[in-house]
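The sequence and the structure come first, and the description follows.

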Amino acid sequence: MKYDARYKLSKCFDLLKAELACFLTELNTLSLTSAIVFKLPETKKGEENNDINQIAISTLTGKAALNLALTNYNRLFIHDSPQHISNKTAIRLPGALCFNLSVENYLGIKQQMETINKLKTELKNIVTHQSGIKKEQRFEFIHQQLHGLITLNAYRKINYVESPSSINFGWANKNIVNKVTKEQILERLHKNYQSEKAMSAYTKQQWRTLIEKEIQDLNSISNAAILKIQRPVKVQPIARVWYANEKQQVQYACPLPLLSFSSDTNHLTKLGTLTDYDINNIKIKHKPKNKKLKLIIARLHLYQEI
């Protein structure tokens, strides 16, 4: 099964690379009506876990924006980036590229994008399901076949829209919240304790002492306690796409430029800008009432609902 999955992984990736190369070549020949991208500061090695309170961006437009976008769509390996840049943090280049093309050309390029996105889904499925390997073994499995692959970049789908009225940009702060049971967390902690590997910041003995304390803290609460893992996600750029005729707005995560296509030569999508991020200037329009939470295990972002 594992050997078969390795073969499938290599074959799928080779197809993805070929399709992506054809697509980017084709994209570069289209009539570019407008383009804007926002270059974020690079994350240096050792700074991956630093809190992000401010992000100063630089803006590129026109052909310069297109060229940088094409490079980033094809940035799949660690060696595609400078050596001082962290390979543990995903590269993000929010923005939008707008093209005018014939209906026939659009149908062709749409098929290319759908094929690429299917291959990206298949690549992820091979790693996470078909391989039959455990989560902690995935890194080794991937890099034995595709050394230096940036998996998130390889999995990221290409987002595209048709003739929107405007595209504006912003920042999203959110938490990933998952309900868990006491048994599930205890099982996880016992596996951590029995593992030969400790987190890099700890010696093996320090690691086991920490896990013992976490198990003790968890055992001190009721078996009926409602537990949640509430893990903060680093601030993300988003695109808000507005369709005036339908009076509808659609929001997209925007780690790479959103592609916009129109066969109407008179259509022009209005592109907004992205302001610098400052955690102290966040305006929350609507904040729902959340139930009170008590922190149980900080390392796991584990909380008890009270």
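Which residue in strand 9 is the bridge partner of Asn 100? The bridge partner of Asn 100 is Ser 262.

The model is predicted, so local features need pLDDT of at least 70 and side-chain atom pairs count only at pLDDT 80 or more, whereas totals for chains, interfaces and linings use all residues. Residues are numbered from 1 along each chain as its sequence is written, and side-chain values use heavy atoms, with hydrogens and water left out.

**The sheet**

Helices (H or I, at least four residues) and strands (E, at least two) are DSSP runs, numbered from the N terminus. Two strands pair if DSSP finds at least two bridges between them. Five strands form an open sheet in the order 3-1-4-9-5, and the pairing is mixed. Strand 3 (58-61) and strand 5 (160-162) are at the edges with a single partner strand each, so one side of each has no neighbour in the sheet. On average, neighbouring strands are turned by 15° against each other, direction ignored.

| Strand joined to strand 9 | Bridges | Direction | Residue and its opposite in strand 9 |
|---|---|---|---|
| Strand 4 (residues 95-100) | Five | Parallel | Cys 98 and Ser 260 |
| Strand 5 | Three | Parallel | Glu 162 and Phe 261 |

Strand 9 is mostly covered, with five of its five residues buried; buried means under 20% relative accessible area, exposed over 50%, and partly exposed in between (1.4 Å probe, protein chains only). Leu 258, Ser 260 and Ser 262 point one way from the strand, while Leu 259 and Phe 261 point the other way.

**Helices against the sheet**

For the angles given here, axes are lines fitted to C-alpha atoms, for helices over the stretch in contact (heavy atoms within 4.5 Å), and angles run from 0 to 180 degrees between N-to-C directions. Helix 2 (residues 62-73) lies across strand 1 (31-39), strand 3, strand 4 and strand 9, at about 70° to strand 1. Helix 3 (residues 103-130) lies across strand 5 and strand 9, at about 150° to strand 5.

Helix 3 has 28 residues and spans 38 Å from its first C-alpha to its last, close to the 40 Å expected at 1.5 Å a residue; the expected span is 1.5 Å times one less than the number of residues. Its buried residues include Tyr 106, Ile 109, Met 113, Ile 116 and Leu 123. Just after helix 3, Gly 132 takes a positive phi of about 70°.

**The nonpolar cores**

A nonpolar core is a set of buried Ala, Val, Leu, Ile, Met, Phe, Trp, Tyr and Cys residues joined through side-chain atoms within 4.5 Å. The largest has 44 residues, of which Phe 23, Leu 27, Leu 97, Ile 109, Leu 259 and Phe 261 touch the most other members. Helix 1 (2-27), strand 1, helix 2, strand 4, helix 3, helix 4 (138-145), helix 5 (151-155) and strand 9 each supply at least two residues of this core. Helix 1 gives the most, with nine residues. Leaving out residues up to four places away in sequence, Leu 27 touches Leu 70, Phe 99, Ile 109, Leu 259 and Phe 261.

**A buried loop residue**

Leu 300 is found in the loop between strand 12 (293-297) and strand 13 (302-305). Its relative accessible area is 5%, so Leu 300 is buried. Beyond its neighbours within four places in sequence, Leu 300 is in contact with Ile 185, Arg 188, Leu 189 and Ile 229.
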